[in-house]
Amino acid sequence: MKLSCTQENLNKGLYIVSNIVSNSATLPILKNILFKAEEDGLKLIATDLEIAIKALVRGKVEQTGEFTVDGKLLTNFINLLPPERVDLAVEKNILDLKSGEYATKINGLPSEDFPVIPKIDKKDSFKLQAKDFKQALNQVIFSVSLNDARPEISGVYFAVENNQLVLAGTDSFRLAEKKVKIQLASAADQAAPANNNELKSFKPVIAPLRTIKEVLRIIFEEDEQIEIFIRDISLGKFF
């Protein structure tokens, strides 16, 4: 694996994924971030077996490959670098990193040891404005229970009704609800609202509070759109 990118792009990608890097003593690989150098750029992937986050970093890939490296250690180092070009290369499970006058070598682990991230079935989805989605989450998250003993109220409820995304949170004493207009991602006219008949496949789900906080943390471009995939499981998938 060999590639180069800007410190700014790499730092932003690491910020997105590094927050969920686990400190598990039983599974040391969860402390690492998976680097996947592909033709379209560098993919960073982190997981704690409950949440998985991917980020695409723009850069020049000279040699494709996969590798994992300690997430916290690398993030701290990249954060201290000046805004210059960063060159990364992997040889014999060692990441060789150079940027201007700075250089370091970090031991890593083979990508084969990294947990397999399930692929999301993107057959059906809907979109909404990132600004509206972030605002709606902030308006209901305060009422979500902080007690994990009752999973049914320790997350945000997602449902699709009448061309709207319904978000709700409660701790059994307070209840907050917010509705946001949505549209089908597959619609020919992206400005058109979703067709209610086509939205019947989206079943209600509960996204854990910790997941919602991560979503809020990594939404930067509020003038863009968020695409949501919901499946018949107890967790919403956001990309």
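Modeller: Strands (E, at least two residues) are DSSP runs, numbered from the N terminus, as are helices (H or I, at least four). This is a predicted model, where local features need pLDDT of at least 70, side-chain atom pairs count only at pLDDT 80 or more, and totals for chains, interfaces and linings use all residues. Residues are numbered from 1 along each chain as its sequence is written, and side-chain values use heavy atoms, with hydrogens and water left out.

Biologist: How do you know that β12 and β13 pair?

Modeller: Seven bridges join these antiparallel strands, and at least two are needed, so they pair. Val166, for one, has Lys179 in β13 as its bridge partner.

Biologist: What makes β13 and β15 edge strands?

Modeller: The open antiparallel sheet has four strands in the order β13-β12-β11-β15. β13 (175–181) and β15 (205–208) each pair on one side only.

Biologist: Why is Asn162 called exposed?

Modeller: Exposed means over 50% relative accessible area, buried under 20%, and partly exposed in between (1.4 Å probe, protein chains only). Asn162 has 58%, so it counts as exposed.

Biologist: What is phi like at Asn162?

Modeller: Phi of Asn162 is near 50°, a positive value in a residue other than glycine. Asn163, also not a glycine, has a positive phi of about 60°.
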